[in-house]
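Please look through the sequence and the model first, then read the sections below.

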Amino acid sequence: MTEQSVSIRSICVYCGSRPGRDPSHMAAGRALGREIAEYGLRLVYGGGTKGIMGAVASGALSGGGQVTGIIPEFLIDMEATRHSLGQLNELIVTPDMHARKHTMFERSDAFVALPGGIGTLEEIVEIMTWAQLGRHEKPMVFANVNGFWDPMMELMRHMTEEGFLHTAHRVQPLVVDEISGIIPAIMAQAAQLAADRDGEDAVISKM
């Protein structure tokens, strides 16, 4: 699963299958979908057509973007409608949640967590865990809409202070408050990773 490429072609978005109580969360989903389309990138997401998931997908599709939905068979009627799924550019139906998450990872060059519940949290934390273990260097972003992820950031600070994020340098997700700043932040981090790697290669070649 080790992934060294930092070229950004597709962005995975984790988010809630419900709209939540704050209308700005749905608006943020639509806006991010449009941003992904405007940058000519592919949206990879969990395939749901309801809640914030549906907002992200509709935003990307309305902007002329390419959308890949990845969903387990048992969730199709819970998180989506079969008619709406037919509007996606690509639909991948997996046998279970594990296959869904692995496929999303393989298809994506960066990850963004919009507001969501336990499932959203579990997905982005797993990606962070893989980064901590050195399995990838793909950019990770918390879209901190109206401070939604502030408690998570505080928890991470606490874990670091208590000595549990022993490789904290590998777990440095970007925290971006404005949707319009997410993709530029991802591109900047990817460029920095590429530059750092080129520098390391240059040093090694001279040894």
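## Glu-90 and its salt bridges

Glu-90 has a relative accessible area of 24%, so it counts as partly exposed. In this predicted model, Glu-90 forms a salt bridge with Arg-107, and the closest N and O atoms are 2.9 Å apart. The pair links distant parts of the chain: Glu-90 belongs to strand β4 (residues 90-94), Arg-107 to helix α5 (residues 97-107), and the two are 17 residues apart. Arg-107 has a relative accessibility of 37% and is therefore partly exposed as well.

Glu-90 and Arg-107 are also linked with Arg-42 in a network of salt bridges.

## Other salt bridges

The structure holds 9 salt bridges. One of them joins Glu-126 to Lys-101, with 3.1 Å between the closest N and O atoms. Because Glu-126 lies in helix α6 (residues 118-132) and Lys-101 in helix α5, this pair ties together parts that are 25 residues apart in sequence. Glu-126 is partly exposed at 22% relative accessibility. Lys-101, with a relative accessible area of 14%, is buried, because buried means under 20%.

Another salt bridge is formed by Glu-73 and Arg-82, whose closest N and O atoms are 3.7 Å apart. Glu-73 has a relative accessible area of 44%, so it is partly exposed.

## Helix α1

Helix α1 covers residues 23-38. Does its length in the model agree or disagree with its number of residues? At 1.5 Å a residue, its 16 residues should span 22 Å, and the end C-alpha atoms are 23 Å apart, so the two agree.

The buried residues of α1 are His-25, Ala-28, Gly-29, Ala-31, Leu-32, Gly-33, Glu-35, Ile-36 and Ala-37. Just after the helix, Gly-40 takes a positive phi of about 70°.

## The nonpolar cores

In soluble globular proteins, nonpolar side chains tend to be buried together. Here the largest nonpolar core has 36 residues. Which residues have the most contacts inside it? They are Ile-11, Val-13, Val-112, Leu-114, Ile-179 and Ile-182. Two or more residues come from each of these elements: the strands β1 (10-14), β2 (42-45), β3 (66-72), β5 (110-113) and β6 (140-143), and the helices α1, α2 (51-62) and α8 (182-205).

Val-13 shows how parts of the chain meet. Leaving aside neighbours within four places in sequence, Val-13 is in contact with Leu-32, Ile-36, Leu-43, Val-44, Tyr-45, Val-56, Val-112 and Leu-114. Leu-32 and Ile-36 are among the buried residues of α1.

## Leu-155

Leu-155 lies in helix α7 (residues 150-161). Is Leu-155 buried or partly exposed? At 41% relative accessibility, Leu-155 counts as partly exposed. Leu-155 and Cys-12 are 143 residues apart along the chain, and their C-alpha atoms are separated by 23 Å.

## Confidence in the model

The protein chain averages a pLDDT of 91, and 92% of the residues score at least 70. Over residues 1-5, however, the pLDDT is below 50. Beyond near neighbours in sequence, this stretch has 13 contacts in the model.

Conventions:
Residues numbered from 1 in each chain as written. Predicted model: local features only at pLDDT ≥ 70, side-chain atom pairs only at ≥ 80, totals over all residues. Heavy atoms only, no water. Helix = DSSP H or I, 4+ residues; strand = E, 2+ residues; numbered from the N terminus. Expected span 1.5 Å × (residues − 1). Buried < 20%, exposed > 50% of the residue type's maximum accessible area, 1.4 Å probe, protein only. Core = buried A, V, L, I, M, F, W, Y, C linked by side-chain atoms within 4.5 Å. Contact = heavy atoms within 4.5 Å. Salt bridge = Lys/Arg side-chain N within 4 Å of Asp/Glu carboxyl O. pLDDT = per-residue confidence, 0-100.
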